[in-house]
Structures are given as C-alpha cells and as structure tokens.
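Welcome to a short tour for your viewer. Please load the model, switch to a cartoon view and keep side chains ready to show.

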Amino acid sequence: MTEYGYNLLGRLSEIFAPAGCEDAVISAIEAEIGAYCDELRRDRAGNLIALIKAEKPCGKLLFATNADEVGFMITDTDDDGRLYITPLGPIETDTLSGRQVYVGNSEKTSLAVACAKPIHEQSGDERSKPTAWDKLYIQTGVKKGGEQSIKAGDFGTFRGNFGEIGHNIKGKALDTRADCAILCEMIKRIREENIPHENDLYFAFTVRGKLNRSGAVNAARGIAADRAVVLEYAPCADISEIPGQFVCARLGGGGVVPLADMKTIFAGDDTAALIGEAETRGIKYQIKGVVTGAGDAAYYQRDGGSGTVALAMPCRYPNTASCVINKEDYDSVLALSLALVK
C-alpha cells in the first residue's frame, strides 16, 4: 500500500458523511481528483461522476462505489441535551451504545456520547437482548435552543479512530471509503503513468448506499456504461467458530470476486475475464464463499443495462466504529481494477 493511498484513506475515513449527508466526503473526493479528470460533475442525486476520455473510445467502462457510511438521524430533542435517533443503514445498537459520536451536518459537528439504560438498572430480560433503538439516545450536554444545539433532521455517526494494526488498518467507514480511495488512486495513476485505455472511463462515487435507496440507480441510468465494475466490501467471518463453507471472505486473502448476490448473477464472460487477469498477472484474489447481501451491482446491470462484475474488499466488523481491512487486500483490489482498465 502506497503512502499516498494510506494517507488518502485516513482522510476519507475521518470525514463525517453518514447516508443522506454525504456532501463533505463528495467535496473532498472532488478536490482530490479534479485536476486529473476531463469532466467532473454532480448529478441530481448528489453522486460525483468523473470521466477520463479515450482518444478513440470504443465504449464506456464504469467503476463505481458508495461514498456514505452508516449512522443515524436526529428525530427529537429534549431540554436536557438528549437527542433521540433513528438508524441510517445496517447499524446495531450494541456497536453504538457507550461510543463517542459526532452529531451535526456537513457544515458543523459536535462531539457527543451514545447512551442507553445503565446495566445495573437493567432487568435480566433487558440484559439478554440488544437495546432497542427507541431506548437509545445521544447525550450532548447542550440544552435545547443553546448556541451549539442539534436539531431534528441533523445526522450522526461514530467518532473516527483511524490507524494501523500490524499489516491491517482500522477505522470507521472503511467498508466504503477504502473503495473510494482506490478509485481516487486509480484516476491519479491513469493520468500520471499514462495508462492506456480504449474506453471512456467513468468513475461514480454514489450516495445513500447504506440505505438501499442508492444514488447508484441515477448513476447507472445516466451513464449507461457498456460494462461496469462495482467496488464493494465482503464481510469477513474467518474465525474458528464458523465452518469453512460459511466463510464469505478471509482477511488477507486478496480481492474478493463474487459470482452472485441476492439480486444479481454477474456477467459470466466478464467475471471470467476478471479472474483471468488476476491469474495471468499473479494478483492475489479469492472467490466469495457465500452468496449473501445485495449491493449496487443489480442497479448497473438492470437499470443501466451494463455487463457487470463486482470486486470486493474483505472487511472485518463492517458498519462499526472499527472496520478492519488488510493492506495487501487493498493492493489486490487496486491492481485488479487497473488491470481491467488496460
């Protein structure tokens, strides 16, 4: 993993951008890649679309990923500085309770704490079950109407903790921002290394992916690429209690190639070509072990009419404050993506 990739990933990870409040991360990506693109625009959904043109294009090749992260929305407040919330994406209350969080919007955030009923006041039945969302609240210490008060309609997410653990990297939002960093690094290297490409290359950083109300539908229809490569994450379950046949992906095993998900069977020839590139170039990869989930690939295949493959980053503890990815897996996904450009 290059120093540039690591530093870029750190910056993107720390940005406050839960689903529905992505402007800050979209703006940061815009600033990062603007000098390397022939065209750069935001569509009506708020997606960022970048284009690098070919001299004599024979088609459109799209690389796409989500830019948002899990979080919550403020639904109500009280006079004691407590905020009541609803989830934005697949986030569990057990991963949130007791955590430091940021609340606010794209322009301003405040540090707060996610709280639940103290364990010494819980009944046996309460202790055995996850805290319900309507029993969880955010404590700010700022009374309603105060100078720094948060209002209904504002957002929140985990406080970041980006850093290294040996050959691994941990931090919030790595399940999406790692792929964003890869696309940014691809764009920079294509320009600086003059990597040849016969297709017009599109790059889509889409919004609201964690809500299953993804802006990817708008990107798919607006670009209508001939082929699409969708970057996503594959949840790792590579622990001793899980039988091998139920392990979706393994950390350090290389980029993950899914053959299908719950909405999509990926284009056979294109998936075979992706695997062929990996084997020809000696790039480490793994086949996704379980058919699970349903990312954005279906939108590009169905709504965009594109021949579609997916390429996933192995990730432990996704949708938490401490996602964990592996540096070699990052390099694998980047190398495979660049191989498809060529």
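How many bridges join strand β6 (residues 100–104) to strand β7 (residues 109–115)? Select both strands of this predicted model and you will find five bridges, with the strands running antiparallel. For one end of the pairing, pick Gly-104, whose bridge partner in β7 is Thr-109.

Now widen the view to the sheet around them. Six strands form a closed barrel in the order β4-β5-β8-β7-β6-β9, with antiparallel pairing. On average, neighbouring strands of this sheet are turned by 45° against each other, direction ignored.

Next, show the aromatic side chains. Searching the whole structure gives three aromatic pairs. One of them is Tyr-6 with Phe-162, a tilted pair with 5.1 Å centre to centre and 50° between the planes. This pair links distant parts of the chain: Tyr-6 belongs to helix α1 (residues 3–14), while Phe-162 is in the loop between β9 (155–158) and β10 (163–165), 156 residues apart.

Then select Tyr-84 and Tyr-137. Their ring centres are 6.4 Å apart and their planes meet at 50°, so this pair is tilted. Here Tyr-84 in strand β5 (residues 82–88) is linked with Tyr-137 in strand β8 (residues 137–139), 53 residues apart. Tyr-84 is partly exposed at 28% relative accessible area, and Tyr-137 also counts as partly exposed, at 22% relative accessibility.

For a last stop, select Tyr-4 and Lys-188: the charged end of Lys-188 sits over the Tyr-4 ring, 4.7 Å from its centre.

Terms used
Residues numbered from 1 in each chain as written. Predicted model: local features only at pLDDT ≥ 70, side-chain atom pairs only at ≥ 80, totals over all residues. Heavy atoms only, no water. Phe/Tyr/Trp six-rings, centres within 6.5 Å; stacked < 30°, edge-to-face > 60°. Helix = DSSP H or I, 4+ residues; strand = E, 2+ residues; numbered from the N terminus. Buried < 20%, exposed > 50% of the residue type's maximum accessible area, 1.4 Å probe, protein only. Lys NZ or Arg CZ within 6 Å of the ring centre and 35° of its normal. Pairing = 2+ DSSP bridges. Axes fitted to C-alpha atoms, helices over the stretch in contact; angles between N-to-C directions.
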